[in-house]
Amino acid sequence: MGDRAHRAGRQQGRIAVVNAQAVTRLAVLISGRGSNLQAFIDACDNGKLEAQIAVVISNNPAAAGLQRAACAGIATRCIDHRNYASREAFDQSLVDELCAHSVDLVVLAGFMRILTPVLIKPFIGRLLNVHPSLLPRYPGLKTHQRALDANDAEAGATVHFVTQELDGGPPVLQARVPILPGDTAAGLAVRVAEQEHVIYPLAASWFVQGRLVLTGEGAMLDGRPVPATGVDFDAGANIAR
Ligand code: GRF
């Protein structure tokens, strides 16, 4: 990111100025299987996302994603919400852990907790989520079944900035998935998840590159306002990926 300090180093008597920018430090918050986490691990490994996952935090000790992180050599923490008397106390514990890891960007990846201002305020503009619907349609749960019940022609996924409004923060990027004859919620969820795994690391890369920011006017990409439902992934083929 532009405002991050450059580092200088000195090696064996000769001056070696290292102008490498500090790597953006991510935290991935999960509650379950962690397929989006895996997409972030892969994107960091293959260079599509120039960032380091500093820590993976789960509120659920049984989350399979914790294993994925451990296998990838990433620090993991379990902060079990059941050990806290209030949402605020739980969120403060998250904030403490995020600060201890000097996190620049927090990505919610199937993190099944409603957040309070205790977490949202210090990380506003640095907090992303992926939601399995074409927001603003179907905030909340059971999104695939609701799209089927409504006889929608398409479903999809949306990456958005997190604000206090549940699944209601400014959209960044959206991928559409056609609903096929005879589709089930489970089958549709698989195809939507495939798109999540593409668009979520991509949106994060825009943030890392300093191209994506949240302003008082909403989400901005490359200095221009993001459309109300986010950049359309299919139509956005001209946007550098
Ligand atoms: C995804 O469908 C995401 O859209 C939603 O929770 C699910 C998480 O799946 N927020 P995974 O744990 O990343 O596999």
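Among contacts in this chain between residues at least 6 apart in sequence, 64% join residues at least 24 apart; two residues are in contact if their C-beta atoms, placed from the backbone, lie within 7 Å. The model is predicted, so local features need pLDDT of at least 70 and side-chain atom pairs count only at pLDDT 80 or more, while totals for chains, interfaces and linings use all residues. Residue numbers start from 1 along each chain as its sequence is written. Here is a tour, starting with the overall build and then moving to the ligand, the core and some individual residues.

**Overall build**

- The chain has six helices and 13 strands; these are DSSP runs numbered from the N terminus, with helices being H or I of at least four residues and strands being E of at least two.
- Buried residues make up 41% of the 241 residues in the chain. A residue is buried if 20 or more other C-beta atoms lie within 10 Å of its own, exposed if 12 or fewer, and partly exposed in between, with C-beta atoms placed from the backbone.

**Around the ligand**

- The ligand is surrounded by 14 residues, and the closest are G32, S35, N36, G110 and P132. A residue is near a molecule if its C-beta atom, placed from the backbone, lies within 6 Å of it.
- Where does the ligand lie? Domain 1 (19-123) and domain 2 (132-157 + 174-241) both give residues to its shell, so the ligand lies between them. The domain bounds come from an automatic or database domain assignment.
- Helix 1 (35-45), strand 7 (127-131) and helix 6 (185-208) each supply at least two residues of this shell.
- By class, the shell has five nonpolar, seven polar and two charged residues. Nonpolar covers Ala, Val, Leu, Ile, Met, Phe, Trp, Tyr, Cys and Pro, charged covers Asp, Glu, Lys and Arg, and the others, Gly among them, count as polar.

**The nonpolar core**

- The largest nonpolar core has 68 residues, of which V28, F40 and A203 touch the most other members. Such a core is a set of buried Ala, Val, Leu, Ile, Met, Phe, Trp, Tyr and Cys residues joined through C-beta atoms within 7 Å.
- Helix 6 gives the most to this core, with nine residues.
- Domain 1 and domain 2 each provide at least three residues of this core.
- Setting aside its neighbours within four places in sequence, F40 is in contact with L26, V28, L49, I53, V107 and P201.

**Helix 1**

- The buried residues in helix 1 are N36, L37, A39, F40, I41, A43 and C44.
- These buried residues pack against strand 3, strand 4 (51-58), helix 2 (64-71), strand 6, strand 7 and helix 6.
- D45 is also found in helix 1, but D45 counts as exposed because it has 10 C-beta neighbours inside 10 Å.
- Along the sequence D45 and A72 are 27 residues apart, and their C-alpha atoms are 9.8 Å apart in space.
- After helix 1 comes G47, whose phi is positive, near 85°.

**Helix 6**

- Helix 6 has 24 residues and reaches 33 Å from its first C-alpha to its last, close to the 34 Å expected at 1.5 Å a residue. The expected span is 1.5 Å times one less than the number of residues.
- Just after helix 6, G210 takes a positive phi of about 75°.

**Backbone features worth a look**

- Most residues other than glycine have a negative phi, and most peptide bonds are trans.
- S102 has a positive phi, near 50°, and sits in the loop between helix 3 (87-100) and strand 6 (105-108). S102 counts as exposed because it has 11 C-beta neighbours inside 10 Å.
- D167 also has a positive phi, near 55°, in the loop between strand 8 (154-161) and strand 9 (171-178). With 19 C-beta neighbours inside 10 Å, D167 counts as partly exposed.
- L135 and P136 are joined by a cis peptide bond, with omega about 10°. P136 is found in the loop between strand 7 and helix 5 (143-149).

**Two partly exposed residues**

- P122 is in helix 4 (residues 117-123) and counts as partly exposed, with 14 C-beta neighbours inside 10 Å. Its C-alpha is separated by 8.2 Å from that of V95, 27 residues apart along the chain.
- A22 is in the loop between strand 2 (14-16) and strand 3 (24-30), and is partly exposed, with 13 other C-beta atoms within 10 Å.
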